[in-house]
Amino acid sequence: MLDDAQTTQMLEVIAKSKLGRENVVRVFTEPWSDLDGKDALRITIVITPGAVDRIKGDDLVDNLVDIRTRLYEAHDERTPFVTYATEEELAVGDDPEC
């Protein structure tokens, strides 16, 4: 299994390749748990303002599939929970990365 920094770096590469470098600012992760209390991974993809209008639905699906596949290949069995936000949205939220 990859360490946290390697996992985050891998996920950022995936997001930028699937969603477009111009649309993705950064990615951060944190340990999470699912409704059953099993280990999960919360993935936040920080996007640029206006990226929502440029990213297609198929790109989002491809991103999710690639994330799941790459985590599996890295022997990381945590369930990925992916969220998207702009820097501005994070600044007004209660997220610890603000």
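In which sense do strands E1 and E2 pair, and over how many bridges? The pairing is antiparallel, with nine bridges linking E1 (residues 24-33) to E2 (residues 39-47); two strands are taken to pair if DSSP finds at least two bridges between them. Together E1 and E2 make a hairpin, with five residues between them, and glycine 37 in the turn has a positive phi of about 85°.

A word on the basis of these values. The model is a predicted one, in which local features need pLDDT of at least 70 and side-chain atom pairs count only at pLDDT 80 or more, while totals for chains, interfaces and linings use all residues. Residues are numbered from 1 along each chain as its sequence is written, and side-chain values use heavy atoms, with hydrogens and water left out.

Zooming out, the protein has four helices and three strands, where helices (H or I, at least four residues) and strands (E, at least two) are DSSP runs numbered from the N terminus. Read from the N terminus, the order is α-β-β-α-α-β-α. The radius of gyration comes to 13 Å, close to the 13 Å that the globule rule gives for 98 residues, so the protein is as compact as a globular protein of that length. That radius is taken over C-alpha atoms, and the rule is 2.2 Å times the number of residues to the power 0.38. As for extent, the C-alpha trace spans about 35 × 30 × 25 Å along its principal axes.

Buried residues make up 38% of the 98 (buried is under 20% relative accessible area, exposed over 50%, partly exposed in between, with a 1.4 Å probe and protein chains only). Of the contacts with a separation of 6 or more, 60% join residues 24 or more positions apart; a contact here means heavy atoms within 4.5 Å.

Threonine 7 sits in helix H1 (residues 4-19) and is buried, at a relative accessible area of 1%. Leaving aside residues up to four places away in sequence, threonine 7 touches Leu2, Leu41, Leu71, Asp76 and Arg78. Threonine 83, in strand E3 (residues 79-86), counts as partly exposed at 32% relative accessibility. With the neighbours up to four places away again set aside, threonine 83 touches Arg42, Ile43, Thr44 and Ile45. The C-alpha atoms of threonine 83 and arginine 42 are 7.7 Å apart, although 41 residues separate the two along the chain.
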